[in-house]
Amino acid sequence: MSTQNTTTSTPATKARPAPRAKLTDTLELDTRLMGMIGAFILVMVVFNVLTDGRFLTPRNIFNLTIQTVSVAIMATGMVFVIVTRHIDLSVGALLATCSAVMAMMQTAWLPQLLGLPLGHPLIPWLAIGAGILTGGLIGAFQGYLSGYLMIPAFIVTLGGLLVWRNTAWYLTNGQTIGPLDSTFQMFGGINGTLGEFWSWVIGIVATLAALVGLWAKRRDKTRHDFPVKPMWAEITLGAIIAGVILGFIAVLNSYQIPVARLNRQFEARGEVMPEGYSAAYGLPISVLLLIVVAVVMTVVARKTRLGRYIFATGGNPQAAELSGINTRLLTVKVFAIMGALCAISAVVASARLTNHSNDIGTLDELRVIAAAVIGGTALAGGIGTIYGAILGALIMQSLQSGMAMVGVDAPLQNIVVGSVLVLAVLIDIIYRRRTGKG
Amino acid sequence: MQPLVEMRNISIAFGGVQAVDDVSIDLYPGEVVGLLGHNGAGKSTLIKILSGAYRADSGEILIDGEKVTIASPRDARAHNIETIHQTLALADNLPAPANLFLGRELRTMFGFLDDSRMESETRKIMARLNPNFKKVADPVSALSGGQRQSVAIARAVYFNARILIMDEPTAALGVHETKMVADLIMELKAQGLGIFLISHDTREMMALCDRVSVMKNGQLIGTERVEDVTEDDILSMIIMGKKAEKAA
């Protein structure tokens, strides 16, 4: 992960000329990001107090992260959609169609049509491939309707919300399909974790990558004679990043697998569990998947032409067109990416439930849009960040889980989440007006 | 001498309105040709056909004497035609380097955007065009009209335009900035570029242009060398829509 830029959205913002007056400028920290992290910490602390310390236990943090993954993966794609001044109301329904395709592939189509026996090692991968292809193609089709045939994306995807939700119903005849393949289920969260050793390996590799990234960026700036921040600021930032990554791994590694479950695992292998044996869950594969998606999407946003064109088109569509950018094709690409991400979310969501059900992903479109918007994506277009959307998803999930733990009724939970969404956007508008950013 | 650009018998209609009606103009290297006329006279439309934003219904475009097809802004750029649009065509949310290289980004050997090199190239060219320009990293929405204009001009100059189209380049600028743009036009002309200039300011046009073409209701009223006419002659062409009687 790289350092945050000084402005919220502009991918190319790098060096700031002297004078560097404020501390936040010296560290090149994004004050908006700081505000969101502050809000996140506040939510955590308040619920931890209200639940007498039950909120910030390794177990709850583990659950919180795996519950966030599905919405967060889609939220990264929704950033691109909203940045280009579109909206996608069909993501929850599209997730259901992809989930249905993958469930049918592994339980019926592959075994019956191709004759692969249930449990064949190729099954989960062929199913996932088919799901991603389905999501990407449906997304591209919706992008074509919007970009080339000029039907507003709001309408295309509002229609899609009904079409894909019920296409999923027909694919499965309205039945719940399960249990899913055991390898496939490893993408769901608790059924697929890396264990202590590999979690540390991933944590250390990620930390080193972040530090090398910081160093490479600094060297690049010095080579071009751009101003760099003081060495102490660089080291502080590096220490914070390393602390957060390794701290997160340490927390996940301290969530012990229950003894009864370990016993079952040993029994399944025909062994006897040694006395005093213990093991921790560690990093869930689904969370690792989210991190990979986040890194790839951030690189696309900041370091590729596609990302640059997405932001340019969102900022000024006419300018983008006059610069020779094919904004119609761009719309197709953006919606195709969104569709493929819905499929990846569908893997996580159905694997977590261990089956495909008709109502999977219901209302996810609202959660995903809310996560992107709370994360600072402007509906007017041109502004948004991947990390913001993920943080937005985390804040929403923390609110919801926290309220559930405290015992708030479900209707009141929804009222609070809805109000927070509106309030977050109001704060964002005031912030942008004050700072003149965006 | 071979004209750099010839637009012959260009016509275009939008839903029954003949925006440009059988207009022919040309441009030589090192020459500034002004286009004058009321709002809606067809100047911007004519020029957008050359820059690839619109396609003419009929007529042909020749560059260096050869017939070319300009179907998109990309085609225009391939013929070294650069346009500074009236609305500046900048993405306000992006900083100057991203705008300067929009559609033609510099990339590293791995295919990723080379932001450092784009920023350093931007600093170099801005140092030449507008030494006061410092906000290289800020979104261009934070810049003044003159600074934004210099980003738009830098975009044309950086990519070695041979044919430059400037649509109201000084409309939003202060006195000092207008002078800066005028000096720049003279410098580019001296380098041998051909420039089409659109403006409402007749006096400015008389000072900057070699020839002026006057349009009214989509038709070309006439093209005159500035030394052959007075400002009043031009004004009467714009208003009356016919050529002034030349004093013999």
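1. Over all chains the count of disulfides comes to zero, where a disulfide is taken to be a pair of cysteine sulfur atoms within 2.5 Å. The structure is a predicted model, in which local features need pLDDT of at least 70, side-chain atom pairs count only at pLDDT 80 or more, and totals for chains, interfaces and linings use all residues. Residues are numbered from 1 along each chain as its sequence is written, chains are lettered from A and ligands numbered from 1 in the order in which they are written, and side-chain values use heavy atoms, with hydrogens and water left out.

2. Strand E7 of chain B, residues 163–167, is mostly covered, since five of its five residues are buried. (Helices, H or I with at least four residues, and strands, E with at least two, are DSSP runs numbered from the N terminus.) In a regular strand the side chains alternate between the two faces of the sheet. In E7(B), Ile163(B), Ile165(B) and Asp167(B) lie on one side and Leu164(B) and Met166(B) on the other, and all of these are buried.

3. Which strands pair with E7(B)? Strand E6 of chain B, residues 81–84, pairs with E7(B) in the parallel sense over four bridges, and Thr83(B) stands opposite Ile165(B). Strand E8 of chain B, residues 194–198, also pairs with E7(B) in the parallel sense, over five bridges, with Asp167(B) opposite Ile198(B); two strands pair if DSSP finds at least two bridges between them. From E7(B) the chain crosses through helix H6, residues 175–190, to E8(B) in a right-handed β-α-β crossover, a term for a path that runs clockwise from the first strand over the helix to the second when the strands point away from the viewer.

4. Elsewhere in chain B, strand E9, residues 211–216, and strand E10, residues 219–225, pair in the antiparallel sense over six bridges, with Arg211(B) opposite Arg225(B). These two strands form a hairpin with two residues between them, and Asn217(B) in the turn has a positive phi of about 50°.

5. A search of the whole structure finds seven cavities of 30 Å³ or more. On a 1 Å grid over the protein atoms alone, a cavity is a set of points where a 1.4 Å probe fits but cannot get out, a pocket is an open set with protein on both sides within 12 Å along at least five of seven lines, and lining residues have an atom within 4 Å of a point. The largest cavity holds about 140 Å³ of space, and among its 13 lining residues Leu322(A), Arg77(B), Glu82(B), Thr83(B) and His85(B) lie nearest its centre.

6. The second largest pocket holds about 580 Å³ of space, and of the 23 residues that line this pocket, Ala39(A), Ile395(A), Val420(A), Ala424(A) and Ile427(A) are the closest to its centre. Helices H2 (31–50), H16 (386–406) and H17 (410–435) of chain A each give two or more residues to the lining, and H2(A) gives the largest share, ten residues.

How values were computed: Buried < 20%, exposed > 50% of the residue type's maximum accessible area, 1.4 Å probe, protein only. Points joined across faces, edges and corners; volume = space filled by probe spheres on them.
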